[in-house]
Amino acid sequence: MYGKLLLLSAALLPGAAIAGHAKDDWPEPIKEYYTGQVLFDRVELARTDAENNVAVWDMMAWYGGDYHRVVFKSEGENTQDDGEPTDLESAELLYGYLVSPFWSFQAGVGTRGTLSSDASMENYAVVSFMGLAPYWFEMDNSLMVNQEGDVQFVSETEYEWQLTQTSYLQPRIELTANLTDSDKYERQSGLSNLRVGLRYRHEISREFAPYIGVYWNGALGNTADEMKRMGEDTTETGVVLGARVWF
């Protein structure tokens, strides 16, 4: 039966290459090429319930092919007019490998601390799994180990609910857990911090989309207990105004 179908196909398509060979004048398959992107997912000014203005950035840049990439990530903030230096939450240089159509494995090194001349920066190794979970939740899960052997886990989850062709509602959750105590960096073991936010974004163009939003940030577990003992607030709320930019 299959032999008859093959002969019939040959009769109907006499020019077909039955053996699977391309014609000499057919173009070559698309060759692998390298490209890149710089994405500022958050460039914003936050107004807290303590009446502080805080400038925040959250960005990622990458360059490479479909499977292998060099990735740079950075997050940080600066409280305006408080006389304190900018807080660099993370700056990471990573190698990324695509392990499935929706997930990539990343590994590299990072640093964090205050950007001042006398700052003692915390250096660490990091591994991450970044991608799309079922139902299109964007996730970035990172495990960090610093030079003291302290271990920390950070999970960021976002979801984009498309309202129109150019507007989105984006909830965002960030959970931090310290797997070990750190006397040097004043971190308590256990669940440490939870940040929940909601942004409404409208695209002026694909590359530029301003947004407004709100957030709640709270300390958890042993970290909250220590902050209460020191007389510090354990929660913070605020509104944000910013833009998502990429090129």
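A contact, or touch, means heavy atoms within 4.5 Å. This is a predicted model, in which local features need pLDDT of at least 70, side-chain atom pairs count only at pLDDT 80 or more, and totals for chains, interfaces and linings use all residues. Residues are numbered from 1 along each chain as its sequence is written, and side-chain values use heavy atoms, with hydrogens and water left out.

Start with the whole protein in cartoon view. There are two helices and 13 strands (DSSP runs: H or I of at least four residues for helices, E of at least two for strands, numbered from the N terminus). The radius of gyration, taken over C-alpha atoms, is 24 Å, well over the 18 Å from the globule rule for 247 residues, so the protein is more spread out than a compact globule. That rule is 2.2 Å times the number of residues to the power 0.38. Along the principal axes, the C-alpha atoms fill a box of roughly 85 × 45 × 35 Å.

Next, select Met60, Trp62, Val71, Leu94, Tyr124, Val126, Met144 and Val154: they form the largest nonpolar core. Such a core is a set of buried Ala, Val, Leu, Ile, Met, Phe, Trp, Tyr and Cys residues joined through side-chain atoms within 4.5 Å; buried means under 20% relative accessible area, with a 1.4 Å probe and protein chains only. Strands β2 (53-64) and β6 (122-133) each supply at least two of its residues.

Leaving out residues up to four places away in sequence, Met60 touches Gln37, Val38, Leu39, Val71, Phe72, Lys73 and Met130.

Finally, select Ala46, Val54, Val56 and Tyr211, which are among the six residues of a second, separate core.

Conventions:
Buried < 20%, exposed > 50% of the residue type's maximum accessible area, 1.4 Å probe, protein only.
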